[in-house]
Amino acid sequence: MRQDTHSSSSRGAVTTLEYAVTFTVALSLLAVIPSIFATETQSAQQDVVEAEFERIGSDVAAAIEAVDYQQQRHQSTKAASNVGGELHASVFLDMPTRVAETRYTMYISNESLIITNRPGQPVDVTVTYPLDTTNTVTAGGGTGGGTIRVTATDATSPIRVTSDRSTGAEPQS
Amino acid sequence: MTPPDSTVQRSRGQVVLVTAVLLGILFISLTAIAYEASSTADIRAEGPTNYAAESDTQIQELGYALTTAIHNVNTDTGITDVGARTQAADNAITDTLTSQQASREFGLTTVSGTQVEYNPTGETVIEGTRVAQTEPALLTDSSGGANWDIIRNGGQTGKVTIRATGLTSGATTSPSDRFTVILTGDTGDTYTVQAYTTGSGNTTLSYDGTGCTVGRSGVDRNGSVVTIDYITGTVNGLSCPEYEPPQQITDVSIENGDQVEGTVTVLSRAENAQGPSIQQTQGPNSSTTDPQAHHAIYAVPVEVTVTTEQTRVTRTIIVGPGRSPYGLNP
């Protein structure tokens, strides 16, 4: 009988211990795993944002150089031939407003297109694309994602990169 | 037989631990999925597109169509009057622009155009002179000694094509006796181009101290017709990569030739050169096969607008038969 009592209390202690261990393990998982994943995910997010910025940058740079090319073709034709005709060149781009939960802005500095995250975003990424254009390029104070218009309205004016939701609209001078 | 209590407790402990581990794995998986889902970009940007090519393809197609229309007007032997040819060119350009616009009516791409003025004269059509010898004839006299100026003081030349038979073999003909065309630039620089056949029947263009053999063995045999474009440097459509004549060719002449027979087409910018004034040396043969010089359309400036899904371009192009016309300033 005493042996049964001893066995029963011992079993109770073991069970309690088991629950305590399980609880501790679960608590540890709750405490550690999210932070591990948060770190890993932030690293992955950094990579994704960088890759997306590069992709956006290459597309916008291609559009800028396409407009510059049309400007130069028109300019060289008119300079060599003294003929009439106007120039309008526009490329409309539909870009994501954010990539991997990160909002961004693009601007022109030192003949380069720079794409960087806006302040307060989860990651800090900047991608720079050198531009090889004859005329100057401007993006004002910075252009975000969404519908972007790259345009030139005459043969020698600066190429402008602006936000524009009126895709297909007549370029404004 | 009932297992002892200690065994039961151990088993239960193992079950609890396994359950805890499984729950842990499940928790980890759910956490991972949640993070990945929240970090996926809403829209992925497309890769870079060649936007210039997108518009230029359309402009090029329009240019080809307009060039064909101008060529057809130039080769229309029924037109003998300058005014009539100019009017025919205007009509042909308008019709071509209309048909090109209509052909894209239901697509995402639109094309339109309008003629613009050449500012010094206010004209919408740039006139020129075309020298054409349509019937095959000797391109120099039988002695091979009479040189022939096909065009002199032509301002600039957009097309020089000779379709010849009887090119001599380079192996048996001295360089001074080979069929020779001399292209003279506006600064007086000359570009000497010789054409002769090789032992395998190909054609060699020798130019500017170097040369290029083109053709497929057994196809361009000696005696067969060889079409040489002296502006682009092609023989039967096959090109010589380093061929580069002067940008503005004012004079075109043939030297020697040794009984090379063929036809000639030259389109030059020289205005008001209808008749023999453009051809200072008469052709070497009878009047029936002599080349005829006549008024032609050299080039037309057009303001073209192309809209594609992502681009919109309006710019001026100059179209004309042959090489894309270089500057049209006087």
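Let's start with strands 8 and 9 of chain A. Strand 8 (residues 146-152) and strand 9 run antiparallel, joined by four bridges. Strands here are DSSP runs of E with at least two residues, helices are runs of H or I with at least four, and both are numbered from the N terminus. Two strands pair if DSSP finds at least two bridges between them. Thr151(A) has Arg160(A) in strand 9 as its bridge partner. Six residues link strand 8 of chain A to strand 9 of chain A in a hairpin.

Strand 9 of chain A (residues 159-163) also pairs with strand 6 of chain A (residues 137-138), in the parallel sense, over two bridges. There, Val137(A) stands opposite Ile159(A).

A word on what we are looking at. This is a predicted model: local features need pLDDT of at least 70, side-chain atom pairs count only at pLDDT 80 or more, and totals for chains, interfaces and linings use all residues. Residues are numbered from 1 along each chain as its sequence is written, while chains are lettered from A and ligands numbered from 1 in the order in which they are written.

Now, where do the two chains meet? In all, 50 residues of chain A are in contact with 46 residues of chain B. Contact means that the C-beta atoms, placed from the backbone, lie within 7 Å. On the chain A side, the elements giving two or more residues are helix 1 (2-81), strand 1 (88-95) and strand 2 (98-99). Helix 1 of chain A gives the largest share, 31 residues. By type, the chain A side divides into 26 nonpolar, 14 polar and 10 charged residues. For that count, Ala, Val, Leu, Ile, Met, Phe, Trp, Tyr, Cys and Pro are nonpolar, Asp, Glu, Lys and Arg are charged, and the others, Gly among them, are polar.

Strands also pair across the two chains. Strand 1 of chain A and strand 15 of chain B (residues 311-319) are antiparallel, with four bridges. Val91(A) is opposite Thr311(B).

On to chain B. It has three helices and 15 strands. Of its 330 residues, 38% are buried. Buried means 20 or more other C-beta atoms within 10 Å of the residue's own; 12 or fewer is exposed, in between is partly exposed, and C-beta atoms are placed from the backbone.

Which strands form the open sheet of chain B? There are six, in the order 3-12-5-6-7-8, with antiparallel pairing. The edges are strand 3 (148-151) and strand 8 (210-214), each pairing on one side only.

Let's walk through part of that sheet. Strand 5 (residues 179-185) and strand 6 (residues 190-197) of chain B pair antiparallel over six bridges. Ile182(B) has Thr192(B) as its bridge partner. Their hairpin has four residues between the strands, and Gly188(B) takes a positive phi near 90°. Next, strand 6 of chain B joins strand 7 of chain B, antiparallel, by five bridges. Val193(B) is partnered with Tyr207(B) there. This hairpin has five residues between its strands, and Gly201(B) in the turn has a positive phi of about 95°. Finally, strand 7 (residues 203-207) and strand 8 of chain B pair antiparallel over five bridges. Leu205(B) has Cys212(B) as its partner.

Chain B also splits into domain 1 (51-125 + 299-319) and domain 2 (128-297). Those bounds come from an automatic or database domain assignment. Eight residues of domain 1 are in contact with four residues of domain 2. Helix 2 and helix 3 (82-103) of chain B each supply at least two residues to the domain 1 side.

How far apart are the ends of helix 2 of chain B? The end C-alpha atoms of this helix (residues 51-74) are 35 Å apart, which agrees with the 34 Å its 24 residues should span at 1.5 Å a residue. The expected span is 1.5 Å times one less than the number of residues. Buried residues in helix 2 of chain B include Ile59(B), Leu62(B), Leu66(B), Ile70(B) and Val73(B).

Last stop: Ile297(B), in strand 14 of chain B (residues 292-307). Why does Ile297(B) count as buried? Because 26 other C-beta atoms lie within 10 Å. Its contacts beyond four places in sequence include Ile70(B), Val73(B) and Asn74(B). The C-alpha atoms of Ile297(B) and Val82(B) are separated by 9.6 Å, yet these residues are 215 residues apart along the chain.

Notes:
Two residues are in contact if their C-beta atoms, placed from the backbone, lie within 7 Å.
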